[in-house]
Amino acid sequence: MEDAAQARERLTRWIEDSREILALLPEVLDGVQKASAKTEHAEREAERLRRELMGLRKELADAKDKETGGRAQHSELGKQIEDYKKQLEELKQVNETLKAEKEEAAQAFAKLLDTVQSTNLIAQKLGVTPKSPFARAHKEPTAPASPTPSPHE
């Protein structure tokens, strides 16, 4: 009978423990539901973040492509600038040459003018009037025809 009393005592304890556990069960189920909702929310957030990450990776790849294109364009512009600098230097040299030639021509013209002025002075002193090489050959003026007497005279 002792075994029956122990069994009964165990059964009573088991029933009391079960009541305590059953009383905790709604709390546990509520926790499970909350955890499940949080898990679903976390999964949705993770999926959103994955999509955002994919978009950002695409943007990064596009930006790298643009950067590569920009570098190539920058390199090409650098070459063009160097070409323009060379052309500018060549034009500066041509300009300097033209300035020197202009100065030389101005000096030659000044010497020619001095020579012409000296020649004109000498011609004046000698009483010679030089003819312009641009003047047209003109004829000697002919004497006007004598007037005819009028019948009243």
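Start with the whole chain in a cartoon view: the secondary structure of this predicted model comes to one helix and zero strands. Helix 1 covers residues 2–126. The protein chain has 153 residues, and 1% of them count as buried.

Switch to a surface view next. The protein chain exposes about 15,300 Å², with carbon and sulfur atoms supplying 59% of that area.

**Stop 1: the nonpolar patch**

Select Leu-22, Leu-24, Leu-25, Val-28, Leu-29 and Val-32. Together these residues make a nonpolar surface patch of about 550 Å². Now pick out Leu-29, one of the patch residues, which sits in helix 1. Is Leu-29 buried, exposed or partly exposed? Its relative accessible area is 49%, so Leu-29 is partly exposed; the exposed class requires over 50%.

**Stop 2: Glu-45 and Arg-48**

The count of salt bridges comes to nine, and this tour visits some of them. Select Glu-45 and Arg-48 and show their side chains. The two form a salt bridge in which the closest N and O atoms are 2.4 Å apart. Both residues belong to helix 1 and are three residues apart, about one turn of the helix. Glu-45 counts as partly exposed because its relative accessibility is 30%. Arg-48, at 36%, is partly exposed as well.

**Stop 3: Lys-58 and Asp-62**

Move along to Lys-58 and Asp-62. Their side chains meet in a salt bridge with an N to O distance of 3.4 Å.

**Stop 4: Glu-82 and Lys-85**

Select Glu-82 and Lys-85. What is the separation of the closest N and O atoms in this salt bridge? The separation is 3.9 Å, and the cut-off for a salt bridge is within 4 Å, so the pair still qualifies. Lys-85 and Glu-82 are three residues apart in helix 1, about one turn of the helix. Glu-82 is partly exposed at 41% relative accessibility, and Lys-85 is partly exposed at 47%.

**Last stop: a network**

Salt bridges that share partners join Glu-45, Arg-48 and Glu-52 into one network.

Notes:
Residues are numbered from 1 along each chain as its sequence is written. This is a predicted model: local features need pLDDT of at least 70, side-chain atom pairs count only at pLDDT 80 or more; totals for chains, interfaces and linings use all residues. Side-chain values use heavy atoms; hydrogens and water are left out. Patches are made of residues with over 30% relative accessible area and no salt bridge: like charges are joined within 9 Å, nonpolar side chains (Val, Leu, Ile, Met, Phe, Trp, Tyr) within 5 Å. Accessible areas come from the Shrake-Rupley method with a 1.4 Å probe; for residues, only the protein chains shown count as cover. Helices (H or I, at least four residues) and strands (E, at least two) are DSSP runs, numbered from the N terminus. Buried means under 20% relative accessible area, exposed over 50%, partly exposed in between (1.4 Å probe, protein chains only).
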